[in-house]
Amino acid sequence: MPYTKLKERFIASPLNYVGGKYRLLTQLFPLFPKDINIALDLFCGGANVGINMNARKIILNDSLSELTSLYQNLQQENPQIIFDTIYNIIDEFKLSNTAKYGYGFYQCDSAKGLSSYNKEPFLALRNCYNQTKNPFYLFVLIVFAFNNQIRFNAKREFNLPCGKRDFNQNMQNKLRRFITKLQDENITIFNKDFRDFPLEMLDSKSFVYIDPPYFLATAPYNKAWGKQDELDLLEFLRILDSKNIRFALSNVIFHKDREHHILKEWLEKHQKFKVHYLDFHYKNCNYQTKNAESNEVLVTNY
């Protein structure tokens with residue numbers, strides 16, 4: 001299928017995960033197997049890859065329980081109730097609703113954004129969520145947070161500041177399409193550390209997509225990912241291969257003039273695996289680089 005046709009069928013997550021793969025889908029999907037029985041998105045994050053998979057069964061897995069709880073609620077609840085709940089939270093905390101009232105009502109414009117108006121109610125909502133862990137509070141926080149991102153501190157408290165946008169028409173459309181796919185497809189949601197995932201569920205007709213925190217990256221959300229995690233993940237890949245389970249790993253070998261020695265040496269040791277170089281740079285992320293060798297790679301065992 002041509003890239004333009006591929007792009008038309010992809011849906012975007014309403015969550016803007018740092019390092020999310022939505023803009024890479026047209027390059028990734030032609031490299032994925034075509035005959036997938038069970039597709040596992042092992043570090044699903046915003047779920048841009050997993051939600052668009054073509055398989056008999058899709059598993060979205062993430063170790064962040066707050067995220068998987070949100071997905072489970074979006075999957076199980078009636079879409080109209082979801083939207084009504086979101087609107088009620090917006091009204092309860094007196095956040096802006098430009099889709100209904102426009103920017104002028106809040107004495108703001110789309111260029112300047114809504115952060116000055118929403119800052120105090122946003123902080124009130126953030127405080128309330130951190131006490132209650134209500135998954136719909138979390139979604140509204142993400143909608144109103146900086147760049148629609150999701151981030152927790154060491155105490156598992158949501159800690160992003162207020163952003164410039166609200167639950168506008170674009171975000172509503174994203175959520176509606178995401179919910180439809182989540183509820184219509186055969187999708188199961190898991191909350192497992194990758195080391196604890198039950199591999200007995202998978203076989204040679206399965207496919208595991210792996211987009212871990214990048215060891216070389218400097219983004220805040222990667223700081224908890226250390227050398228031992230990277231080594232454990234590479235051993236996990238070896239185990240998948242020994243069980244004839246197909247996998248594709250997203251990563252970078254070079255980044256900001258630094259070399260990922262661990263991954264490079266592992267690939268030299270396991271030369272049976274293929275390395276596909278992708279044409280993409282993280283232009284709007286903390287770990288932007290001008291080094292052309294910092295492009296994404298996809299490592300596959302098929």
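Tutor: The structure holds 12 salt bridges. A salt bridge here is a side-chain nitrogen of Lys or Arg within 4 Å of a carboxyl oxygen of Asp or Glu. This is a predicted model, where local features need pLDDT of at least 70, side-chain atom pairs count only at pLDDT 80 or more, and totals for chains, interfaces and linings use all residues. Residues are numbered from 1 along each chain as its sequence is written, and side-chain values use heavy atoms, leaving out hydrogens and water.

Student: OK. Which residue does Lys133 form a salt bridge with?
Tutor: Glu66, with the closest N and O atoms 3.6 Å apart. The pair links distant parts of the chain, 67 residues apart. Lys133 is in the loop between α6 (115-132) and α7 (135-144), and Glu66 is in helix α3. Helices are DSSP runs of H or I with at least four residues, numbered from the N terminus.

Student: Is Glu66 buried or exposed?
Tutor: Buried, with a relative accessible area of 10%. Buried means under 20%, exposed over 50%, and partly exposed in between, using a 1.4 Å probe and protein chains only. Lys133 counts as partly exposed, at 33%.

Student: And what about Arg156 and Glu66, how do their side chains meet?
Tutor: In a salt bridge, 2.8 Å from N to O. This pair also links distant parts of the chain, 90 residues apart, with Arg156 in the loop between α7 and α8. Arg156 is partly exposed at 36% relative accessibility.

Student: Switching topic. At what angle do α3 and α8 pack?
Tutor: About 80°, with their axes 8 Å apart. That makes α3 roughly perpendicular to α8, a label for angles of 65 to 115 degrees. The axes are lines fitted to C-alpha atoms over the stretch in contact, and angles run from 0 to 180 degrees between N-to-C directions.

Student: Which residues meet there?
Tutor: Tyr71, Leu74, Gln75 and Gln76 in α3 meet Leu175, Phe178, Ile179, Leu182 and Gln183 in α8. Contact means heavy atoms within 4.5 Å.

Student: Where is Lys181?
Tutor: In helix α8, residues 169-184. Lys181 is buried yet has no salt bridge. The nearest side chain of opposite charge, Glu185, is 4.6 Å away. Lys and Arg count as positive, Asp and Glu as negative; His and the chain ends are not counted.

Student: So what does the side chain of Lys181 reach?
Tutor: The backbone oxygen of Ile51, at 2.7 Å. Not counting residues up to four places away in sequence, Lys181 touches Ile11, Ile51, Asn52 and Ile187.

Technical notes. Helix = DSSP H or I, 4+ residues; strand = E, 2+ residues; numbered from the N terminus. Polar contact = N/O pair within 3.5 Å; in protein donor to acceptor, adjacent residues only side chain to side chain. Parallel < 35°, antiparallel > 145°, perpendicular 65-115°, else oblique.
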